[in-house]
Amino acid sequence: MSSKPRLQVVKIGGNVIDNPSALASFLQDFASLTGPKLLVHGGGKIATQMAASMGIESQMIEGRRVTDEESLRIVTMVYAGWINKSIVAELQGLSCNALGLTGPDGRIVLSKKRAATPIDYGFVGDIVTVNAESLSGLVQAGFSPVFAPITADAAGQLLNTNADTMAQALAIALSSSYDVTLTYCFEKKGVLLDPNDDDSVISSINPASFIDLKEKGIVSAGMIPKLENALKAISAGVSVVRLCHADNLQKTEIGTKISA
């Protein structure tokens, strides 16, 4: 048994954020988790819908958003504003002392703009460092940080950042001081052997089986970067990594476990 205090990092996917009743149920479960905890949320379709209402077309490449200057304004407003503060307010209503944050707040997450080759994703940030000391201080002060996936570079340029990667980086940074469990919650019961069969959950994935599943096309599109993040976390000191349905956050034996 680890002598470190336990801490839970939870990432909630966009499809749950798009569904108010599913989100409300998930936030009740998150609020009732005991001990220190931290939430990272994605953006869902709200940013795409807002962009469309303003006549701005959203461009996606392999499931990743291309962020031009106009899109950056929209995702910052939606992710760091409306979604983040709605979640924080709802958690406060559930007696969870949530604190809404983005990467630039306290310079907790520093990123750099992704290189324009081979694909130019625009204002997209790759994480460089996490200030674990500042983040631990907030947790120790009794806050449950709620992170929107917006970061900035050293010069202060805002950048759109993958929420799965953000959860992984925060979990790894905190694993030096805490016994960290990282849970990716989304609309599926886990990683599925057959995408059309919700009950075909793969109970465990390691680096070798991930390569096999990828080569067979069983895991594809957005599931590939999610699993790459999960595998990186387990190899870099995070104690437990799991992918599960948002309804099963507290059912720790359900879902897909990641092993080194």
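Trainee: Is R107 buried, partly exposed or exposed?
Mentor: Keep in mind that we're looking at a predicted model. R107 sits in the loop between β5 and β6. Its relative accessible area is 48%, and the exposed class starts over 50%. So R107 counts as partly exposed.

Trainee: What is the phi of R107?
Mentor: Most residues other than glycine have a negative phi. R107 isn't a glycine, yet its phi is positive, at about 50°.

Trainee: Which other loop residue has a positive phi although it is not a glycine, and is it buried or exposed?
Mentor: Look in the loop between α7 and α8, where you'll find A221. A221 has a phi of about 50°. With a relative accessible area of 56%, A221 is exposed.

Trainee: Where is the cis peptide bond?
Mentor: Most peptide bonds are trans. Go to the loop between β6 and β7, which holds P118. Omega is about 0° for the bond joining T117 and P118.

Trainee: How far apart in space are K113 and G125, C-alpha to C-alpha?
Mentor: K113 belongs to strand β6, residues 109–113, and is partly exposed at 39% relative accessibility. Beyond its sequence neighbours within four places, K113 is in contact with G122, F123, V124 and L159. K113 and G125 are 12 residues apart in sequence, but their C-alpha atoms are separated by 4.6 Å.

Trainee: Which side chain makes a polar contact with the side chain of T151?
Mentor: T151 lies in strand β9, residues 150–152, and at 0% relative accessibility it counts as buried. Setting aside neighbours within four places in sequence, its contacts include G103, S111, Q157 and M166. The polar contact, at 2.7 Å, is with the side chain of T161.

Trainee: Which strands stand at the edges of the open sheet?
Mentor: Follow the order of its 8 strands, β5-β8-β2-β1-β11-β13-β14-β12, with mixed pairing. An edge strand has a single partner, so one side of it is left without a neighbour in the sheet. That applies to β5 (98–101) and β12 (204–205).

Trainee: Which residue in β14 stands opposite R242?
Mentor: Start with the strand pair: β13 (residues 240–245) and β14 (residues 256–258) run antiparallel and are joined by 3 bridges. Opposite R242 stands K257.

Trainee: At what angle does helix α6 run to β11?
Mentor: Let's take another helix along the way: α4 (residues 69–93) lies across β2, β5 and β8, at about 175° to β5. Helix α6 (residues 163–174) lies across β1, β2, β8 and β11. Its angle to β11 is about 170°.

Trainee: How many residues are in the largest nonpolar core?
Mentor: In soluble globular proteins, nonpolar side chains tend to be buried together. Here, V9, F147, L182, L227, V241, L243 and I258 touch the most other members of that core. Elements supplying at least two residues each include β1, α6, β11 and β13. The core's residue count is 37.

Trainee: And how many residues are in the second, separate core?
Mentor: Among its members are V10, Y79, V146 and A246. The count for this second core is 35.

Technical notes:
Residues numbered from 1 in each chain as written. Predicted model: local features only at pLDDT ≥ 70, side-chain atom pairs only at ≥ 80, totals over all residues. Heavy atoms only, no water. Pairing = 2+ DSSP bridges. Helix = DSSP H or I, 4+ residues; strand = E, 2+ residues; numbered from the N terminus. Contact = heavy atoms within 4.5 Å. Axes fitted to C-alpha atoms, helices over the stretch in contact; angles between N-to-C directions. Core = buried A, V, L, I, M, F, W, Y, C linked by side-chain atoms within 4.5 Å. Buried < 20%, exposed > 50% of the residue type's maximum accessible area, 1.4 Å probe, protein only. Polar contact = N/O pair within 3.5 Å; in protein donor to acceptor, adjacent residues only side chain to side chain.
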